[in-house]
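Colleague: Before I use this model, I'd like to know what stands behind the labels. Can you take me through them?

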Amino acid sequence: MASKIILLRLPPLIITIYTVFLKIQTTTSSPQPPLILPLISQTLPHGFVSVPTPSSRKLSFHHNVTLTVSLTVGTPPQTVTMVLDTGSELSWLHCKKNQNIDSIFNPQLSSSYTPTPCTSNVCTTRTRDFPIPVSCDPRKLCHATVSYADATSIEGNLATDTFFFSGSGQPGIIFGCMDSGFSSNTKEDSKTTGLMGMNRGSLSFVTQMGFPKFSYCISGHDSSGVLLFGDAKLTWLGPLKYTPLVKMNTPLPYFDRVAYTVRLMGIRVGSKPLQVPKSIFAPDHTGAGQTMVDSGTQFTFLLGSVYTALKNEFLEQTKGVLTLLEDPNFVFEGAMDLCFRVRGGVVPTVPAVTMVFEGAEMGVSGERLLYRVGDDVGKGKDVYCFTFGNSDLLGIEAYVIGHHHQQNVWMEFDLVNSRVGFADTRCELASRRLGMGP
């Protein structure tokens with residue numbers, strides 16, 4: 001995840017999504033059986049769940065402002081909970097106990113743990129896409145640092161160990177065993193053990209596992225969901241709409257080449273397209289302005305000029321329907337300055353916002369368009385904010401499609417064919433069809 005992308009992860013840092021472990025009956029043309037991790041939304045980490053089936057390996061996964069996956073690591077296995085992040089490469093675990101960390105992986109208790117030396121190929125060549133270069137510590141071990149937009153940072157050594165999925169172990173997985181750092185949100189960060197990097201980098205979890213694709217589906221109602229690694233034929237799922245991933249062979253200072261970058265071509269409010277130049281949606285000569293699909297970011301953020309055009313058009317089309325919040329200086333999550341007072345908590349019907357990609361469209365409506373911020377901001381329980389934010393206010397020069405707008409959408413990341421596919425569905429029903437729901 002390039003520096004521009006890394007910054008995205010912070011304000012909404014913990015949306016804990018726990019995926020419910022699914023018992024999936026699938027057929028697959030891939031020689032590698034699919035692996036499933038459940039997702040569900042809760043604030044406390046859940047233990048590893050194993051539901052063996054003849055044809056697949058699975059775990060459970062959850063969500064609540066961060067997508068989290070529970071699994072076991074090491075020999076003997078230790079239970080960990082990791083944030084699922086398609087915008088990061090390096091997977092990492094807290095490896096040192098302190099007063100702000102409740103869950104850690106203890107490498108001293110694992111006989112299969114192996115630190116990575118500075119001279120290894122992993123350290124010298126496979127870390128080339130890290131936004132902060134690795135270094136060599138006094139013990140001649142490969143030292144990595146990861147930083148985020150809100151000044152949060154964490155560092156430690158690269159290492160390998162065995163990761164277990166539904167009782168089946170995968171040895172030699174490379175990850176960061178982190179022992180120091182600074183967090184701007186210790187309360188939330190203490191609830192997980194680490195992060196699972198899922199971008200297209202050579203050290204990301206999905207790359208190391210060698211799966212041709214992965215998919216997830218997040219419910220907007222009961223916080224359940226499903227995460228599927230590999231290829232499975234789901235006959236009940238409608239046809240997916242695909243948009244190609246953008247490839248950039250030339251290194252540019254503000255372009256993350258291992259992110260899931262797609263081509264945003266326009267935005268509509270209702271049936272009316274925004275009146276902005278089409279060129280504003282394309283990266284410039286520095287790489288700034290790419291559009292990334294990021295499960296580690298909660299909401300969707302647009303470059304300032306596009307956000308302003310969207311905000312103005314939405315206000316125009318909702319005159320007399322929505323009541324603006326009386327505090328013009330209120331900005332939710334540091335980048336969402338369009339908020340409303342909704343009496344009685346019943347959101348009226350408003351026009352949908354549609355993001356138009358090359359070959360596909362994603363519509364955002366209803367609960368995904370207006371988010372109740374709750375009473376924690378001191379504005380009362382009836383305050384709702386528009387779920388598109390201004391990336392300029394976060395200091396990032398990119399469009400970011402967050403997971404809130406991916407609710408009740410089956411999301412497929414096809415690594416072999418370099419594309420992202422999606423289809424509207426009811427994710428709680430998807431969980432039941434896969435044998436995970438009640």
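Modeller: Let's start with burial: buried means under 20% relative accessible area, exposed over 50%, and partly exposed in between, with a 1.4 Å probe and protein chains only. The model is predicted: local features need pLDDT of at least 70, side-chain atom pairs count only at pLDDT 80 or more, and totals for chains, interfaces and linings use all residues. Residues are numbered from 1 along each chain as its sequence is written, and side-chain values use heavy atoms, with hydrogens and water left out.

Colleague: Fine, then why does serine 418 count as buried?

Modeller: Its relative accessibility is 14%, which is under the 20% limit, so serine 418 counts as buried. Serine 418 sits in the loop between strands S29 (409–414) and S30 (419–424). The strands are DSSP runs of E with at least two residues, numbered from the N terminus. Serine 418 also has a positive phi of about 50°, although it is not a glycine.

Colleague: And what makes glutamate 333 partly exposed?

Modeller: Glutamate 333 has 27% relative accessibility, which falls between the 20% and 50% limits, so partly exposed is the label. Glutamate 333 belongs to the loop between S21 (323–324) and S22 (339–341). Here too phi is positive, about 55° for glutamate 333, and the residue is not a glycine.

Colleague: Why is glutamate 326 called exposed?

Modeller: Its relative accessible area is 56%, which is over 50%, so glutamate 326 is exposed. Glutamate 326 is in the loop between S21 and S22.

Colleague: How do you know that the side chain of glutamate 326 makes a polar contact with the side chain of arginine 341?

Modeller: A polar contact is a pair of N or O atoms within 3.5 Å; within protein, one must be able to donate a hydrogen and the other to accept it, and residues adjacent in sequence count only if both atoms are side-chain atoms. The two side chains come to 2.6 Å, so the pair passes.

Colleague: What makes S21 and S25 edge strands?

Modeller: Four strands form an open antiparallel sheet in the order S21-S22-S26-S25, and S21 and S25 (370–372) each pair on one side only. Two strands pair if DSSP finds at least two bridges between them. S22 and S26 (383–386) have three bridges, so they pass that test. Among these strands' bridge partners are cysteine 339 and cysteine 385.

Colleague: How do you know that S19 is covered on both faces?

Modeller: In a regular strand the side chains alternate between the two faces of the sheet. In S19 (290–293), Gln290 and Met292 are on one side, Thr291 and Val293 on the other, and all are buried.

Colleague: Which strands do bridges join to S19?

Modeller: Two bridges join S16 (261–262) to S19, running antiparallel, and four bridges join S19 to S28 (398–401), running parallel.

Colleague: Which residues does the "active site" annotation cover?

Modeller: The unreviewed UniProt entry puts Asp85 and Asp294 under "active site". Although they are spread over 210 residues of sequence, they cluster in space, with a largest C-alpha distance of 6.8 Å. UniProt positions are in the numbering used here, with feature names shortened, and annotations may be inferred rather than shown by experiment.

Colleague: Why do aspartate 85 and aspartate 294 count as buried?

Modeller: Aspartate 85, in strand S5 (78–85), has 0% relative accessibility, so it counts as buried. Aspartate 294, in the loop between S19 and S20 (300–302), has 1%, so it counts as buried as well. A polar atom of the aspartate 294 side chain lies 3.3 Å from the backbone nitrogen of glycine 87.

Colleague: What makes the bond between threonine 75 and proline 76 a cis peptide bond?

Modeller: Omega is about 0° there. Proline 76 is in the loop between S4 (60–73) and S5.
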